Amino acid sequence: MPAIVDLPLELIESILLTLDPFDVSCVAQTSRLFREIVYGPNEQQFWRGMYLAQPLDDPRKAVTRLGSPREDINWRVELQRIVQAQAVVTNVSRAGAGCRRVESEERCRVMQTLLDLVSNVPPLPFRESEQMSRNIYWVQNLLRDESFLECEEWVLTEEEEQLRARLHTWYGLTQRDGEAESRQASQAYVYSRRHYTASRAYGPFMPDGSMRVNWVHVRALAHVFGLILVELEGEEDEFAFDICPMGMLFCQSIIPPGLNLDEEDDWAGVEGLWRIGYAFVDHREFIIYNDPRVPENEPLDTSIFEGAEETYSSIDLYFRVIDVEPDPLHQTRPKINFIGELDGFFTLVGFVKLTADNQVWWHFGGGNDNQPVWNGEAIGLGNIRSKNGAVGLWSTVFHDDAEDPIGPFWMNRQIVIEDE
């Protein structure tokens, strides 16, 4: 009886491509022929076929998080990272209370791999498109158990804390996020003046003045505001979080065919109708919570958030780009200056630019009669021009340590229906 190695090489490759990538790596250890097929000079061609056989997007059709075409795809390395990430997350889900066994360095690699997967996907051609990214669907299902996002046994480094907060923000609300204790912890973070300082540019940035995004802060903002949106929908069952419009299912870029964002001044899709929803707690309770007599190294009394109700309101503004300025650090992503108009009046002036760590930063100041009163600092969620919009922190332009209010806001672009 002829052995499998006697078959034509093309047929052997076809058989290998039907196997799980992990099994292929094992087969490659059994003979010189198999190792040559899997890891030889033509490995990129073989691993491309292996990659495209998975329930994932074709990377050649994808764009980066900021909308540029993908380049230099290493098919083997990328697929091996994905397979390893899947194995780790699956094992954590099965281990339950034993999830501590995964080392921090490996957890960071997994988180970065999952973020890379959802950050490099084919764009949608228009807002109403229903073409779901296979990467996003795959990662959403992989994390649905939520154990990897919620494990309390891990002692997190700063790098891991930031990566997990970012991955959690992209994923959206979890079932645990709906619990009173979890919600109160995020409210305590969002409404604390200790996180509202000049070194942070009065926004969700790291306290070292680097203007790098603090994803722990962004995640708290998205958590607080996401629950408000769920409540506004009147949903109370366990599936309510799946419809929250801040999450992984809405993070795909929307880029019309033929539009090259590397050559487009309005690369962030600023111009158009936007809704800014904002929330706040009773100002008297806010003042009590931020008691200046409490030393900085002691926790604030979070009891005011037990049953506290947040007030929500929103405003629709038409954003109009007025000019762009070159950004030496980001040649194809200039700083975009814009105004927000309501009934023909300029009520808001702001800009969009990339931070030092390549995140999309929205800043604006607004008020009545062109007198600036309100200040907003937000970070873009999801990929560029996605339905996820931006979440941030509003306050006043005065930055008064004693009286300045603070609250979360979320802004997203609206669909304009033309009159017939």
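User: Which residues do ring pairs link into a cluster here?

Analyst: A pair of aromatic rings is described by the distance of the centres and the angle of the planes. In this structure, ring pairs join Trp-274, Phe-319, Phe-338 and Trp-362 into a cluster, where rings of Phe, Tyr and Trp (its six-membered ring) pair if their centres lie within 6.5 Å, and planes under 30 degrees apart count as stacked, over 60 as edge-to-face and the rest as tilted. This is a predicted model, in which local features need pLDDT of at least 70 and side-chain atom pairs count only at pLDDT 80 or more, while totals for chains, interfaces and linings use all residues. Residues are numbered from 1 along each chain as its sequence is written, and side-chain values use heavy atoms, with hydrogens and water left out.

User: How many aromatic pairs does the structure hold, and what geometry do Tyr-196 and Tyr-202 have?

Analyst: The structure holds 19 aromatic pairs. One of them joins Tyr-196 and Tyr-202 in a tilted arrangement, with 5.0 Å centre to centre and 55° between the planes. Tyr-196 counts as buried because its relative accessibility is 6%, and Tyr-202 is likewise buried at 18%; the cut-offs, for a 1.4 Å probe and protein chains only, are under 20% relative accessible area for buried, over 50% for exposed, and partly exposed in between.

User: Which parts of the chain does the pair of Tyr-278 and Trp-394 tie together?

Analyst: Tyr-278 and Trp-394 form an edge-to-face pair, 6.5 Å centre to centre with 75° between the planes. Tyr-278 belongs to strand 1 (residues 272–280) and Trp-394 to strand 7 (residues 390–396), so the pair ties together parts that are 116 residues apart in sequence. Helices (H or I, at least four residues) and strands (E, at least two) are DSSP runs, numbered from the N terminus. Tyr-278 is partly exposed, at 28% relative accessibility, whereas Trp-394, at 12%, is buried.

User: How should I read the packing of helix 10 and helix 11, and at what angle do their axes cross?

Analyst: Two packed helices are described by the angle between their axes and the distance between the axes. The axes of helix 10 (residues 180–190) and helix 11 (residues 215–232) come within 9 Å and cross at roughly 120°, the axes being lines fitted to C-alpha atoms, for helices over the stretch in contact, with angles running from 0 to 180 degrees between N-to-C directions. Helix 10 and helix 11 are therefore oblique to each other, given that angles under 35 degrees count as roughly parallel, over 145 as roughly antiparallel, 65 to 115 as roughly perpendicular and the rest as oblique. The residues in this contact divide into eight nonpolar, five polar and three charged, where Ala, Val, Leu, Ile, Met, Phe, Trp, Tyr, Cys and Pro count as nonpolar, Asp, Glu, Lys and Arg as charged, and the others, Gly among them, as polar.

User: What is the orientation of helix 3 relative to helix 4, and which residues make the contact?

Analyst: The axes of helix 3 (residues 32–39) and helix 4 (residues 43–52) come within 6 Å and cross at roughly 80°, and the two helices are therefore roughly perpendicular to each other. Ile-37, Val-38 and Tyr-39 of helix 3 make the contact with Glu-43, Phe-46 and Trp-47 of helix 4, contact meaning heavy atoms within 4.5 Å. By class, these residues are five nonpolar, no polar and one charged.

User: Which residues other than glycine have a positive phi, and are they buried or exposed?

Analyst: Asp-72 has a positive phi of about 50° although it is not a glycine, and Arg-385, also not a glycine, has a phi near 65°. Asp-72 sits in the loop between helix 4 and helix 5 (75–95) and is exposed, with a relative accessible area of 74%. Arg-385, by contrast, is found in the loop between strand 6 (374–380) and strand 7 and is buried, at 18%.

User: Where do Pro-326 and Gly-344 lie?

Analyst: Pro-326 occupies the loop between strand 2 (311–325) and strand 3 (335–342), and at 77% relative accessibility Pro-326 counts as exposed. The C-alpha atoms of Pro-326 and Leu-143, 183 residues apart along the chain, are separated by 39 Å. Gly-344 is in the loop between strand 3 and strand 4 (345–354) and is exposed, with a relative accessible area of 61%.
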